Amino acid sequence: RRWSAVVALATVAGGLLAYVHGTRGAPTYEAEAQLVVDAPAGGASVDAAAELAPTYAELVKSSRVLESALRSLGAPLTPEELRANTRGEAERETRLVTIRVRDGHPARAVALANELAAELVEFASTGRGAEPPTRSASAGTPRLRIIEPASDADRIRPQLLLLTEFGALTAFFGALAVAVIVESRRRTLRNAEELAGLTPVAVLG
């Protein structure tokens with residue numbers, strides 16, 4: 001009982017300190033847009049379309065797509081900076097391509113994800129991001145289209161709830177360990193004094 005208040009206070013203090021530390025860090029947000037590779041009727045098979053999904057996921061980080069997106073938005077980023085914070089993911093089974101963009105501003109993360117998706121669709125349909133191909137050239141080929149544009153961005157760093165829980169748990173176990181050590185030493189000393197009072201021989205140690 002004597003240590004319960006100390007442990008409780010230490011737990012609360014640890015959680016608060018971790019929360020304050022987390023709020024001081026620069027936040028990072030992530031937005032995502034989803035696309036699908038369609039297989040036109042009478043054209044390429046579904047398997048052929050699925051094979052293209054990983055390629056499109058890699059193309060989203062190509063210099064041509066990144067530079068076009070940055071020019072369209074006028075974002076104050078270099079292609080290298082955007083590439084480091086962009087990730088393309090593909091699922092062969094569903095033919096889905098997911099574009100994830102991280103940025104310190106949630107609105108810009110959303111705008112970048114949507115613009116990259118649009119540029120990727122244009123690049124995939126033209127091969128160079130210019131004039132659309134002729135009907136004869138594009139007939140029967142898989143087409144990439146946006147099915148779910150980014151609408152908001154999730155805060156991924158720092159995660160305040162996890163930081164607070166970690167700080168509270170660390171402080172709890174730390175205070176508990178101190179309490180156990182102090183109490184064990186007290187009991188050792190008390191037992192030695194009691195033993196000395198019961199026997200006429202001096203207790204060693």
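What follows is a short exchange on the core, the salt bridges and one surface patch of this predicted model.

Trainee: Which residues have the most contacts inside the largest nonpolar core?

Mentor: In soluble globular proteins, nonpolar side chains tend to be buried together. Here the largest nonpolar core holds 30 residues. Those with the most contacts inside this core are Val97, Ile99 and Leu116.

Trainee: Which element gives the most residues to this core?

Mentor: Start with the elements that give two or more residues. They are strand S1 (28-38), helix H2 (46-59), helix H3 (63-73), strand S3 (96-103) and helix H5 (106-126). With eight residues, the top contributor is H5.

Trainee: Is leucine 116 buried or exposed?

Mentor: Leucine 116 sits in helix H5. Buried means under 20% relative accessible area. Leucine 116 has a relative accessible area of 0%, so this residue is buried.

Trainee: How far apart are the C-alpha atoms of leucine 116 and threonine 86?

Mentor: Leave out neighbours within four places in sequence. Leucine 116 then contacts Val60, Val65, Leu66, Ala69, Leu82, Thr86, Ile99 and Val101. Leucine 116 and threonine 86 are 30 residues apart along the chain. Their C-alpha atoms are separated by 9.4 Å.

Trainee: Why does glutamine 34 count as buried?

Mentor: Glutamine 34 belongs to strand S1. The cut-off for buried is under 20% relative accessible area. Glutamine 34 counts as buried because its relative accessibility is 18%.

Trainee: Which side chain makes a polar contact of 3.4 Å with the side chain of glutamine 34?

Mentor: Look at what glutamine 34 touches beyond four places in sequence. Those residues are Leu96, Val97, Thr98, Ile146, Ile147 and Glu148. The 3.4 Å side-chain polar contact is with threonine 98.

Trainee: Now the charges. How many salt bridges does the count come to?

Mentor: Side chains of opposite charge can pair when their charged atoms come close. The cut-off is a side-chain nitrogen of Lys or Arg within 4 Å of a carboxyl oxygen of Asp or Glu. By this rule the count is nine.

Trainee: How many residues apart are arginine 87 and glutamate 30?

Mentor: These two form a salt bridge, with the closest N and O atoms 3.9 Å apart. Arginine 87 is partly exposed at 33% relative accessible area, while glutamate 30 is buried at 13%. Arginine 87 lies in strand S2 (residues 86-91) and glutamate 30 in strand S1, and the pair links distant parts of the chain. They are apart by 57 residues.

Trainee: Last one, on the surface. Is phenylalanine 173 buried or exposed?

Mentor: Phenylalanine 173 lies in helix H7 (residues 160-198). With Leu169, Leu176 and Val180, Phe173 makes a nonpolar surface patch of about 390 Å². Exposed means over 50% relative accessible area. At 52% relative accessibility, phenylalanine 173 therefore counts as exposed.

Conventions. Residues numbered from 1 in each chain as written. Predicted model: local features only at pLDDT ≥ 70, side-chain atom pairs only at ≥ 80, totals over all residues. Heavy atoms only, no water. Core = buried A, V, L, I, M, F, W, Y, C linked by side-chain atoms within 4.5 Å. Buried < 20%, exposed > 50% of the residue type's maximum accessible area, 1.4 Å probe, protein only. Helix = DSSP H or I, 4+ residues; strand = E, 2+ residues; numbered from the N terminus. Contact = heavy atoms within 4.5 Å. Polar contact = N/O pair within 3.5 Å; in protein donor to acceptor, adjacent residues only side chain to side chain. Patch = residues over 30% accessible without salt bridge, like charges linked within 9 Å, V, L, I, M, F, W, Y side chains within 5 Å. Areas by Shrake-Rupley, 256 points an atom, 1.4 Å probe, with all protein chains shown as cover.
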